[in-house]
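This report describes how two chains are arranged and how parts of one of them pack together. Please look at the structure first and keep it in view while reading.

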2 protein chains.
Amino acid sequence: MTSNKLPKPAEDFSEWYNQVIQRAELADYAPVRGCMVVRPYGWAIWENIQSALDGRFKATGHVNAAFPLFIPMSFLEKEKEHVEGFSPELAVVTIGGGQQLEEPLVVRPTSETIIGHMYAKWIQSYRDLPVLINQWANVVRWEMRTRLFLRTLEFYWQEGHTAHETAEEAEAETRRMLDVYEDFAVNEAAVPVIKGLKSDSEKFAGAVRSYTIEAMMGDTRALQSGTSHNLGQNFAKAFEIQYLDRNNELQYCWTTSWGLSTRFVGAIIMTHGDEQGLVLPPRLAPIQIVTVPIFRSEEEKSRVMEMTGKVQDMLSGFRIKVDDRLELTPGFKFNDWELRGVPLRLEIGPKDVENNAVTAARRDIAGREGKTSISMENLGQQISDLLDSVQKNIYDKAVAFREAHTHSPKDYAELQEAILSGWALSLWCGSADCETRIKEDTKATIRCIPLEQDGAGGACVYCGKKAEKKAIFSRAY
Amino acid sequence: MTSNKLPKPAEDFSEWYNQVIQRAELADYAPVRGCMVVRPYGWAIWENIQSALDGRFKATGHVNAAFPLFIPMSFLEKEKEHVEGFSPELAVVTIGGGQQLEEPLVVRPTSETIIGHMYAKWIQSYRDLPVLINQWANVVRWEMRTRLFLRTLEFYWQEGHTAHETAEEAEAETRRMLDVYEDFAVNEAAVPVIKGLKSDSEKFAGAVRSYTIEAMMGDTRALQSGTSHNLGQNFAKAFEIQYLDRNNELQYCWTTSWGLSTRFVGAIIMTHGDEQGLVLPPRLAPIQIVTVPIFRSEEEKSRVMEMTGKVQDMLSGFRIKVDDRLELTPGFKFNDWELRGVPLRLEIGPKDVENNAVTAARRDIAGREGKTSISMENLGQQISDLLDSVQKNIYDKAVAFREAHTHSPKDYAELQEAILSGWALSLWCGSADCETRIKEDTKATIRCIPLEQDGAGGACVYCGKKAEKKAIFSRAY
């Protein structure tokens, strides 16, 4: 960690973001352009995300599997929109074992094609349906402009791939997994999200309908945080995923896919972080509590360390760490753990020992106001309540921030203005033409057409023609 | 599942192995030569392996991280033995985003080089040491002859990479992780292993010393089941991993690496499987208990299903599944779950309901002898004891099998004979020449020089010269 100060997010959000990641040791740049190394502290956040999601996937009947990294180039070409969407971004293996390969192999950018091929082999009858499989995997997309966590050549994600008997079941699955993502974002990451439909120009290459959860970052830009796609019969027809139905007739399956990636770590950083650095939601924080013993003499040390040990024992059900580094001052440690976003710091000094209490400092409320003395009686319950309170408070703050920066411009001039400082929620007629022109003028894209609508139609914010639904326009990551 | 019978392992072990994997739906062939799809049931075994190992890694102070899939070709060339060992097996990306790459990228066959590069950047002082990082990852080695789980182009593993201040600490770490692997193999997988040192010709490309755990499969061939390498300062020198020591002098680190892969799933299949199919160790089985309700009338059904529900509730702490498929006979179900290696089957019929008991059938003991009636009183404890007993019994069987097939040939003629039906434990002088000749004659390689030796020296089994230690010679996977 360097000693000079972190840039202020309000002044240079982008530089603040990069430096927080480096200084908190979440990730580092790899020697290959656009690739990242996820360092242990960053990976521990991802492991907690994985565990929270995986539990929800299993609770909704899904199982995990692993499909190959390499996909024959010809597979991608079977679905027209899919290959058009992905071919500019492919990494291609042309040499294997010292020999030029007959057919080049694509390093998977996503796995609909190879999984479709296997499903065609495995699925025979309606009795085999639904197939509900997820995989945790690395994927590669050859991006030109990269940012740690947000857009890297290789990234980590989960991709669910399901096959169903009917269009209705596929749509229900698509929506169910969108709800799972929302539930995870809100209740684990304290990241408020808007569920909505992607416009045709923004949907997944090969999907019939793409749903998204969109979150507002600390600079008011939007981040697509998870997507769920209804693929209709597009991939089933391309890969001949067929089944004998209840009347013994051959039918194409209806498939879905849905994914959430390490990009979500970026969402957490940019939703909650502040001038001191990271602020991690207690439910996902690798370290929920850090204990800092404070003493000036050997005599004080022995009393303080005894109490520290007791606190560790009492709080062993939490993810807790003692910072007992002797070469560093308490003040340095406070800054260091604030930078790393640990939700709760417990200071234990001679006074605390006397009072049979510890001083708890919340990461989400600075200074005096965030400090409480907590009696050792019933310590566990009080710490648990405090962590819940931090979790709730950072969520509420993020909701308030989003609401304060979500505008409802009534005409195009207002929309252009609104986009400079947040999201614009405006009526849109549905035409790709209006969407493109707004994007060209303002760099704002349609993030989604929210599922929740007030129902009041009116005039399209761009062309003035009849519009039934509102869309969120925003610049985005 | 096809209805024709599984080949007998004693008659065609190789075909038995392939068919067990396919029929039990552990894995399937991918459309790319030599690659595999790990299906949900197979992946669930790997997830249980991961969880058992990961807990042990964390308990020994290790943390997880993620390093990139792509490694610049020039990195591999920095360590001479390493590049010689791996260059025939590389998959190489030459095209990215539609452009020919200036420097080809290797898809990692293992990560010492790229991790070495990052460690050089992260490590400055002795205070930064030791670095104890593991990653769970996919790696690619362009093998010509492949077998599901045992040798595939892409496979899944964990690779630990550590850096230390001294040679002693690195050696201690290497041995500690070998012990962790042994503990896992014995206590979780019920796979007995011999810990030993690899001969120079068999050691990891770039290592000073490689340790291994070797297991005997059901056809008496050996399987290298996990390896731990002391890399000395080889990679530290190649990548300039240096630190300022306690005297403020610049030193090279001492590094280690250690790995265990999805190949271990193959070890489990081939150690415990039998004529009926898989036999899974209870501690790693995705389904520990399957309940089969048996009834002939609606009236029986209602009583039986009520009791089945009660059993499910009482045993909810186990990985338990009810097979309530109506279209299949109990007999078919019994065979199906035996094929899939579920350790315990509970049959619940009208008689069982009357007796307030269930009939438990152990997978490891066939027929009448493996069946017990278990009273519903204290069901959980009795089931827990039964599962422990299965776990212990399959371990004991595997040890007995290995002992029965480990020979101690005193001369070369005996060794040649011994190798046809098992392992040969014989004195070896340490010369690569003897090793090569034995391999040419018999196809047996030195699996390891066991750490545990009886201490009695004598004459090398091949050349007759002085030999201090015994080695295990065997054909191997």
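Two strands are said to pair if DSSP finds at least two bridges between them. The model shown here is predicted.

Strand 5 of chain A and strand 5 (residues 91-96) of chain B pair in the antiparallel sense over 5 bridges. Within this pair, A:Gly96 stands opposite B:Ala91, and A:Ile95 stands opposite B:Val92.

**The contact between the chains**

How many residues of chain A are in contact with chain B? In chain A there are 41, and they are in contact with 41 residues of chain B. Strand 5 (residues 91-96) of chain A gives the most to this side of chain A, with 6 residues. By class, the residues on the side of chain A that touches chain B are 29 nonpolar, 7 polar and 5 charged.

Two copies of a chain are related by a rotation about an axis and a shift along it. Here a rotation of 180 degrees with 0.0 Å of shift along its axis superposes chain A on chain B, with an RMSD of 0.0 Å. That is the relation of a two-fold axis. The same surface serves both copies, as 100% of the contact residues of chain A recur in chain B. Of the residues of chain A, A:Val93 comes closest to the rotation axis, with its C-alpha at 2.0 Å.

**Inside chain A**

Chain A is divided into three domains, listed in the table.

| Domain of chain A | Residues |
|---|---|
| Domain 1 | 13-272 |
| Domain 2 | 289-402 |
| Domain 3 | 406-474 |

The C-alpha centres of domain 2 and domain 3 of chain A lie 46 Å apart.

Chain A also has an open sheet of 11 strands, in the order 3-7-8-14-11-10-9-22-25-21-20, with mixed pairing. Strand 3 (63-64) and strand 20 (406-407) of chain A each have a single partner strand, so one side of each is left without a neighbour in the sheet. Strand 11 (residues 222-230) and strand 14 (residues 254-261) of chain A run antiparallel and are joined by 4 bridges. In this pair, A:His229 stands opposite A:Ser257.

Helix 13 (residues 412-419) of chain A touches strand 20, strand 21 (423-428) and strand 25 (469-474) of chain A, and its direction makes about 155 degrees with that of strand 21. Helix 6 of chain A lies across several strands, among them strand 8 (154-164) and strand 10 (209-216), and runs at about 155 degrees to strand 11 of chain A.

**A pair of helices**

Two packed helices are described by the angle between their axes and the distance between the axes. For helix 2 (residues 40-59) and helix 6 (residues 167-187) of chain A, the axes come within 10 Å and cross at roughly 145 degrees. This crossing of helix 2 and helix 6 of chain A is right-handed. Which residues meet here? A:Ala52, A:Leu53 and A:Arg56 in helix 2 meet A:Val180, A:Asp183 and A:Phe184 in helix 6. The contact of these two helices has 4 nonpolar, no polar and 2 charged residues.

Technical notes. Residues numbered from 1 in each chain as written. Chains lettered and ligands numbered in written order. Predicted model: local features only at pLDDT ≥ 70, side-chain atom pairs only at ≥ 80, totals over all residues. Contact = placed C-beta atoms within 7 Å. Helix = DSSP H or I, 4+ residues; strand = E, 2+ residues; numbered from the N terminus. Nonpolar A, V, L, I, M, F, W, Y, C, P; charged D, E, K, R; others polar. Domains from an automatic or database assignment. Least-squares fit on C-alpha atoms with pLDDT ≥ 70 in both. Axes fitted to C-alpha atoms, helices over the stretch in contact; angles between N-to-C directions. Left-handed = near helix turned anticlockwise from the far one by under 90°.
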